[in-house]
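Here is a predicted model to look through together, one question at a time. Keep the view open as you read.

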Amino acid sequence: MGGKLTLWALFCLLVAHLPSHTDSVAVMSVDLGSEWMKIAIVKPGVPMEIVLNKESRRKTPVAVCLKENERVFGDGALGVSVKNPRQVYRYLQDLLGKRLDNPQVALYRKRFPEHQLEEDKSRGTVLFRNTEELKYSPEEILGMVLNYSRSLAQDFAEQAIKDVVITVPAFFNQAERRAVLQAAQMADLKVLQLINDNTAVALNYGVFRRKDINSTAQNVMFFDMGSGSTVATVVTYQTVKTKDTGVQPQLQVRGVGFDRTLGGFEMELRLRDHLAKLFNEQKKTKKDVRENQRAMAKLLKEAQRLKTVLSANADHMSQVEGLLDDIDFKARVTRAEFEEMCADLFARVPGPVQQALSAAEMSMDEIEQVILVGGATRVPKVQEVLLNAVGKEELGKNINADEAAAMGAVYQAAALSKAFKVKPFLVRDAALYPIQVEFTREMEEEDGVKSLKHNKRVLFQRMAPYPQRKVITFNRYSDDFLFYVNYGDLSFLSLEDLRVFGSLNLTTVALKGVGSSFKKHTEAESKGIKAHFNMDESGVLTLDRVESVFETIVEEREEESTLTKLGNTISSLFGGGSSEPKANVSEPVQNLNTCPLKPTEEVKPAEEPPTDENSRKESKTDSQQEPSETPELEGKPGTSQAQILT
């Protein structure tokens with residue numbers, strides 16, 4: 001690790017600016033996996049380093065044990081899970097931002113029957129019932145985990161830390177991303193950015209190879225199979241010229257494919273069930289081991305060990321002391337048996353690869369290298385199937401599959417922090433899901449018959465780069481109206497993924513005050529009502545503001561004397577103002593209410609495409625804005641706030 005730190009120092013040239021009055025400038029990253037989390041820090045004198053936990057381990061289980069008066073985290077919680085699995089909460093990612101009727105919640109119940117899940121009546125999402133009095137949302141428990149991660153980082157850094165970059169799966173939608181932000185807020189952490197797992201890995205990979213990146217595009221695929229899911233990401237490396245810093249290396253995400261439930265944990269569950277079957281067949285007791293939660297927790301722990309051992313050995317003797325009724329269990333399991341029971345899982349390995357290539361509109365011939373990430377890629381059969389699927393001579397194993405995401409994320413944290421200077425490395429991530437604006441407008445035909453026309457305007461296309469701002473202009477409204485912000489065409493998702501995805505409506509915006517703004521500017525020409533959207537560095541969409549814009553024509557007057565001109569200038573400088581009408585006046589709209597999304601039958605193309613904010617010609621004045629509130633969690637419509645001052 002010492003050599004790695006030297007390399008980081010050499011490549012990054014990380015410099016800390018530490019004012020004498022500042023107690024803390026350290027920043028951290030959390031690679032938040034479904035089973036494990038890896039934490040990294042940057043502080044003055046320490047360029048980049050993985051945080052060791054209290055057991056001096058480089059990764060920590062994402063597990064929380066909630067007793068009546070005590071919370072236990074990490075390895076301590078895992079220890080309790082074998083004795084009392086009902087008190088230990090794990091694999092929280094699967095429940096973030098989900099309704100109770102979501103298929104992912106049903107799968108969680110099947111995997112963890114010891115937990116009682118119920119509906120949060122106020123939000124329509126999921127709650128854990130710990131006791132009759134104590135109930136916790138997945139976001140609250142994740143907040144406890146993030147708070148614990150900060151305590152580990154602070155102990156390791158020996159100073160307070162508040163700023164963090166957190167990794168999330170690329171397939172997380174808006175509700176899931178907001179759930180992570182909500183959990184971090186509960187932990188009183190300032191999230192500099194949510195960064196997609198493989199994007200962080202790609203940044204780590206690129207920083208070490210800065211000298212190899214030039215004006216010729218290089219395409220690399222990162223194949224990440226972790227405990228809970230699998231993601232394949234196509235990334236293009238290339239130098240680009242920037243206005244501020246000159247020629248700099250850049251990574252651009254071109255395509256993403258994923259399988260939400262394909263991971264090492266499902267393999268371990270298959271092994272656990274196989275061990276349970278073998279124990280029952282030994283008939284040493286009349287009880288069914290599968291009905292005993294504590295015994296099944298012991299078998300799961302043994303299955304996790306067994307999967308690791310079988311990755312290096314053809315067979316292994318599995319054994320558990322006092323499994324049930326003080327009866328010991330011992331049985332031999334072969335790698336061939338393991339591969340047979342997981343055959344359908346291995347058959348799904350090429351799926352994310354093909355999805356990523358399709359999204360990137362590339363063929364495998366254009367991919368220079370396929371690099372392995374994630375612990376489950378150590379399973380030999382996974383590598384064998386993947387190698388056949390990609391048709392390469394070998395798979396790339398030249399990064400730390402466990403720690404690359406945490407190290408890439410902490411590099412980004414240092415770059416975003418005002419306390420450090422790093423060599424620029426531009427990151428252009430891509431939005432996996434398209435987003436569009438929909439609205440219905442009354443049309444009058446030539447014969448005087450009125451009809452409703454439903455319009456759709458694409459705001460962000462699939463794989464659109466972000467951060468990015470967009471403006472939608474509504475030209476034919478002069479009174480209050482509604483519009484909806486929805487996900488676009490998701491036909492590239494499977495039916496199962498669509499069911500897991502949840503509501504397609506992000507928010508409904510009801511604009512009021514439009515009519516009054518038009519009445520105040522009857523002699524001016526309307527330039528439309530403009531809605532300003534922003535997708536930030538975390539991939540989270542917000543509606544910044546909505547404003548109506550008017551243009552007044554200023555007539556040219558006869559030439560005034562120099563003294564008169566000077567008098568007018570002085571008047572305006574000292575608050576007297578000018579009597580001339582202002583051009584391009586904007587009027588904020590107020591009091592926006594949320595309405596349920598109504599089903600539509602007819603879909604027609606947009607009349608006008610959205611425009612980038614940078615290309616607007618109208619100048620805006622007298623505008624005031626409040627941040628919009630899109631739904632924090634799936635299933636709860638949001639209320640957008642924007643004002644036009646009168």
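**Helices, sheets and cores**

Q: Which residues are buried in helix α11 (residues 350–360)?
A: Helices are DSSP runs of H or I with at least four residues and strands are E runs of at least two, numbered from the N terminus. Buried means under 20% relative accessible area, exposed over 50% and partly exposed in between, with a 1.4 Å probe and protein chains only. In α11, the buried residues are Pro352, Val353, Ala356, Leu357, Ala359 and Ala360.

Q: Within what arc do the buried residues of α11 fall?
A: The arc is taken over the directions from the helix axis to the C-beta atoms. Seen down the axis of α11, the buried residues line one face of the helix because they fall within an arc of 165°.

Q: What kind of model is this?
A: Residues are numbered from 1 along each chain as its sequence is written, and side-chain values use heavy atoms, with hydrogens and water left out. Local features need pLDDT of at least 70, side-chain atom pairs count only at pLDDT 80 or more, and totals for chains, interfaces and linings use all residues, this being a predicted model.

Q: Which strands stand at the edges of the six-stranded open sheet?
A: Strands pair if DSSP finds at least two bridges between them. The order is β19-β14-β15-β16-β21-β24, with mixed pairing. Two strands have a single partner each, so one side of each is left without a neighbour in the sheet: they are β19 and β24 (464–466).

Q: Which residue of β19 is the bridge partner of methionine 221?
A: Strand β14 (residues 218–225) pairs with β19 in the parallel sense over five bridges. Four of the five residues of β19 (residues 369–373) are buried. In β19, the partner of methionine 221 is valine 370.

Q: How many residues does the largest nonpolar core have?
A: A nonpolar core is a set of buried Ala, Val, Leu, Ile, Met, Phe, Trp, Tyr and Cys residues joined through side-chain atoms within 4.5 Å. Phe222 is one of those with the most contacts inside the largest core. Leaving aside neighbours within four places in sequence, phenylalanine 222 touches residues including Tyr205, Tyr237, Ile371 and Val373. The size of the largest core, in residues, is 128.

Q: How far apart are the end C-alpha atoms of helix α4 (residues 138–157)?
A: The expected span of a helix is 1.5 Å times one less than its number of residues. The 20 residues of α4 should therefore span 28 Å, and the model agrees, with the end C-alpha atoms apart by 28 Å.

Q: At about what angle to β6 does α4 run?
A: Axes are lines fitted to C-alpha atoms, for helices over the stretch in contact, and angles run from 0 to 180 degrees between N-to-C directions. β6 belongs to an open sheet of three strands, β7-β6-β8, with antiparallel pairing. Of the 20 residues of α4, 14 are buried. α4 lies across β6, β7 and β8, and its angle to β6 is about 110°.

Notes: Contact means heavy atoms within 4.5 Å.
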